[in-house]
Amino acid sequence: MTAENPFGQVLVALVTPMTADGEVDWAGVEKHIDDVISAGADGIVVTGTTGETSTLTDPEKIRLVEVGKDVAAGRAKIITGGGSNETAHAIELYKHSEQAGADGIMIVTPYYNKPTQAGILTHFRMVADATDLPVILYDIPGRTGVPIKYETILRLAKHPNIVAIKDAKGDFSEVSRVLNQTDLLYFSVDDANVLPHLSIGASGLIGVTANIAPAPYRTIVDAVNRGDLATATAAHQQLEPLVRATMTHVPGTVAAKYILHGLGRISSPRVRLPLVGPEEWEAALIEDEIDHVRGIPGVDFRNFRPDRNAAAGGALPKVAGTTR
């Protein structure tokens, strides 16, 4: 049984454009959101990992929801990501996000404190109880230190507000088990494996490379929806070198900003510390991959002007990060 999808299918894990001194570039945020929606995104995840949630303040996170809703103007859903490894803080953050107009929330497994499965279950249930919004579980053990085990996913799937999972474990057999035994929607988080995930029943994707090129993902999803494997495969293959450039040499946020800036789409490639821009050799690897990109709709690398100096280092903003 397939649940109704309240989130969209082509979701962008949005970077947060910043100025050279590390402040949020609000005009740049508006432009970038409009760009990706115009190119085919029907959902935007603000303040996720790619949006640098760890170093955004809570007021910035809430404003990103407000700005997203304003710019989207009904054209795309706005989902707030991130959360907290403190349950009380997560509840407050998502309540404020709901008041700001979010269409859904994405809750990450508590990180660093490594709770047991009972703790994970309680955290997700209590946050989901505190909102009327549809919830996406975010399972990314490489960042959080602990997976959401299969049995825990089954129990969480029974909560009326928990309707989807974003899974970064990459276990295709478990994906099929979850889809068979729950009504959860499944979102691919691995930019290189979007098509394989869709082919076994995923509802959509939450992509980093989609910041740069949403259109091919729209093509893939629409082609899969109508059973046109040849068109989906062609777009998948076309994307491969860009995905490699974005996702393999430095954190996806860093590479996406570096590439977007080189394309003239954002005003600065700056990230906040402890993230830093690519070093010379990393930038060279990214640019070598880009040399293989051909014919992606809406992305013209003939005028690509990367700026390694502008990207160097990281910013220390005036206001410290996720404070209560």
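Gly104 belongs to strand E4, where strands (E, at least two residues) and helices (H or I, at least four) are DSSP runs numbered from the N terminus. With a relative accessible area of 0%, Gly104 is buried, a class that means under 20%, whereas exposed means over 50% and partly exposed lies in between (1.4 Å probe, protein chains only). Gly104 and Ala230 stand 126 residues apart in sequence and 33 Å apart in space, C-alpha to C-alpha.

The model is predicted, so that local features need pLDDT of at least 70 and side-chain atom pairs count only at pLDDT 80 or more, while totals for chains, interfaces and linings use all residues. Residues are numbered from 1 along each chain as its sequence is written, and side-chain values use heavy atoms, with hydrogens and water left out.

Grid points are joined across faces, edges and corners, and a volume is the space filled by probe spheres set on the points.

| Space | Volume | Lining by class |
|---|---|---|
| Largest pocket | about 960 Å³ | 19 nonpolar, 18 polar and 11 charged residues |
| Largest cavity | about 30 Å³ | five nonpolar, no polar and two charged residues |

In these classes Ala, Val, Leu, Ile, Met, Phe, Trp, Tyr, Cys and Pro count as nonpolar, Asp, Glu, Lys and Arg as charged, and the others, Gly among them, as polar.

The largest pocket holds about 960 Å³ of space; of its 48 lining residues, Thr49, Thr50, Tyr138, Ile140 and Arg143 are the closest to its centre. Two or more lining residues come from each of strand E4 (104–108), helix H5 (141–144), strand E6 (162–167), helix H10 (229–247) and helix H11 (252–262).

A search of the whole structure finds one cavity of 30 Å³ or more. The largest cavity is lined by Ile153, Ile165, Asp167, Glu174, Val175, Val178 and Tyr186, with E6 and helix H7 (172–181) as the elements that give two or more residues. Helix H7 gives the most to this lining, with three residues.

Val276 lies in the loop between H11 and helix H12 (280–290), and counts as partly exposed at 38% relative accessibility.

Key:
1 Å grid on protein atoms, 1.4 Å probe; cavity = no way out; pocket = protein on both sides within 12 Å on 5 of 7 lines; lining within 4 Å.
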